[in-house]
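Hello,

Here is the structure I promised to hand over. Please open it first, then read my notes below.

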Amino acid sequence: MHRVGSRAVHWLEEHRGGFRAPDRGASADEVKEFFKPVGELALMGRVLTREGVAGTSQAAQMRRLLDFAWRDVLDGGGLLAWMQRGEPLSPVPLEVYTAFRELGYHHPEVERHARLMVSTRSWQALETLPSRRLGLTRHEARAELTSGTATAAALRRTWLAQTPEPWTVDYHIAYLVTHTVFHLTDWGARLDALPGDLADYLTLWLPAWVDEWREKEHWDLLGELLVVDAMLPTPAFDGTAWQRFAEAQGPDGAMPLERTRSADGDEFGTLYHPTLVAVFASTMATSRALTALNGSPS
C-alpha cells in the first residue's frame, strides 16, 4: 500500500510542469482548465500531510509540489482572485483554495470575495449535483465561512443517502458515491461523520463494487473505492484488489486510468488523476492499517 503512494508522488514531481497552463497564447478558458488538477493536488497534499504516514523524502516531494503549484501555477492565489472577478459566483476558486488554505497558503482577496459570495441568496441557489452541493457546504465550513450546519440537509439529497438498490450502481453513480463519502468526511479527516446506516450499507455492498471495477480494470475508480473502504469503521483491505491495483502502476509511478497505459499525446492529462488517486488510496489505507495494528481508536 505504501509503495504505491511513494512511487506516485515521485511521478507527480517529475511531471509537475503538466499542472501549469501554457505560458503563452493560452485563452482564459484554457487557464481555468488547470484549476481542477491543481485543486486535486492540494487535496492530496493535505491528506498526505495530515495522516503523517509518508516518509521524509515523500513528504518533501509533496511540499515542493505544493509550493510550485501555489507559486508558479496559481501565481500565489492571484489567478483564483482573477477568476472570482470574472465569474463572481463560480465555486471553483473556493474549491481550489480551501485545501491550500489548510496547508498554510493564504490570499486575503480570495477570502474576502468568498465570504461575500457565500452570504448571498444567489450562492445558496446555485443548481448543482447533490454530491457537489454537499462538497460546497464542507468547503465553506473548512474555510471558516459557515458553521457547516447545512451538511446534513445536503447529504439527504445525495444518491448514497437513499441507500438504493446496489445493483443499479454504474460508472457515474459509483463516482458520486465515492465523492459523497469524501466530502462528508472532509477527505478522511472526520471519519466519524459517516452515519452508521451509510457505513453499514457500504460495508455490505462495497466489496461487490470493488470486485466489479477490478475485473473491468478501471484503476481510477477502483482506487477511489479503495479509499472509501479505508474510511469505513472496519476496512476490508481487499488483498486481491490491492495486488491488482499495485500491478497496474507503471514502473515510473504513473497509474493508468483503465486497463493499460495509453500512448496518446496528452499523457499527463490521462495519468494525473489516477496517479493522484493512487496517492490518496495509499495514504488512507496505510494510515488505517497502521491504526489497526497499533490498536488505536479509528
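**What I found**

Helix α11 is largely enclosed by the rest of the structure, because 10 of its 14 residues are buried. Buried means under 20% relative accessible area, exposed means over 50%, and partly exposed lies in between (1.4 Å probe, protein chains only). Helices are DSSP runs of H or I with at least four residues, numbered from the N terminus.

Two notes on the source. This is a predicted model, where local features need pLDDT of at least 70 and side-chain atom pairs count only at pLDDT 80 or more, while totals for chains, interfaces and linings use all residues. Residues are numbered from 1 along each chain as its sequence is written, and side-chain values use heavy atoms, with hydrogens and water left out.

**Helix α11**

The buried residues of α11 include Ile173, Tyr175, Val181, Phe182 and His183. They pack against α9, α10, α12, α13 and α15. Contact here means heavy atoms within 4.5 Å. The end C-alpha atoms of α11 are 20 Å apart, which agrees with the 20 Å that its 14 residues should span at 1.5 Å a residue. That expected span is 1.5 Å times one less than the number of residues.

**The largest pocket**

How much space lies in the largest pocket? About 810 Å³. Of the 28 residues that line this pocket, the closest to its centre are Lys36, Glu40, His179, His183 and Trp187. The elements that give two or more residues to the lining are α3 (35-51), α6 (92-102), α9 (130-142), α11 (171-184) and α15 (267-294). α11 gives the most, with seven residues.

A pocket is defined on a 1 Å grid over the protein atoms alone: an open set of points where a 1.4 Å probe fits, with protein on both sides within 12 Å along at least five of seven lines. Lining residues have an atom within 4 Å of a point. The volume is the space filled by probe spheres set on the points, which are joined across faces, edges and corners.

The lining divides into 14 nonpolar, eight polar and six charged residues. Nonpolar covers Ala, Val, Leu, Ile, Met, Phe, Trp, Tyr, Cys and Pro; charged covers Asp, Glu, Lys and Arg; the others, Gly among them, are polar.

**Helix α12**

Helix α12 (residues 196-215) has 20 residues. It reaches 29 Å from its first C-alpha to its last, close to the expected 28 Å. Where does α12 bend? At Trp205, by about 40°, and Pro207 follows within four residues. The bend is the angle between axes fitted to the seven residues ending there and the seven starting there. The buried residues of α12 pack against α10 (151-156), α11, α13 (219-231) and α14 (239-248).

**Two loop residues**

Glu217 sits in the loop between α12 and α13. Its phi is near 55°, a positive value in a residue other than glycine. Glu217 is partly exposed, at 27% relative accessible area. Phe237 is in the loop between α13 and α14. The phi of Phe237 is also positive, near 50°. Phe237 is partly exposed, at 23%.

Phe35 lies in α3 and is buried, at 1% relative accessible area. Phe35 touches residues including Leu74, Trp82, Met83 and Val96. Ala99 is in α6 and is also buried, at 1%. The C-alpha atoms of Ala99 and Ala42 are 5.6 Å apart, though 57 residues separate them along the chain.

Best wishes

Key:
Lists of a residue's contacts leave out its neighbours within four places in sequence.
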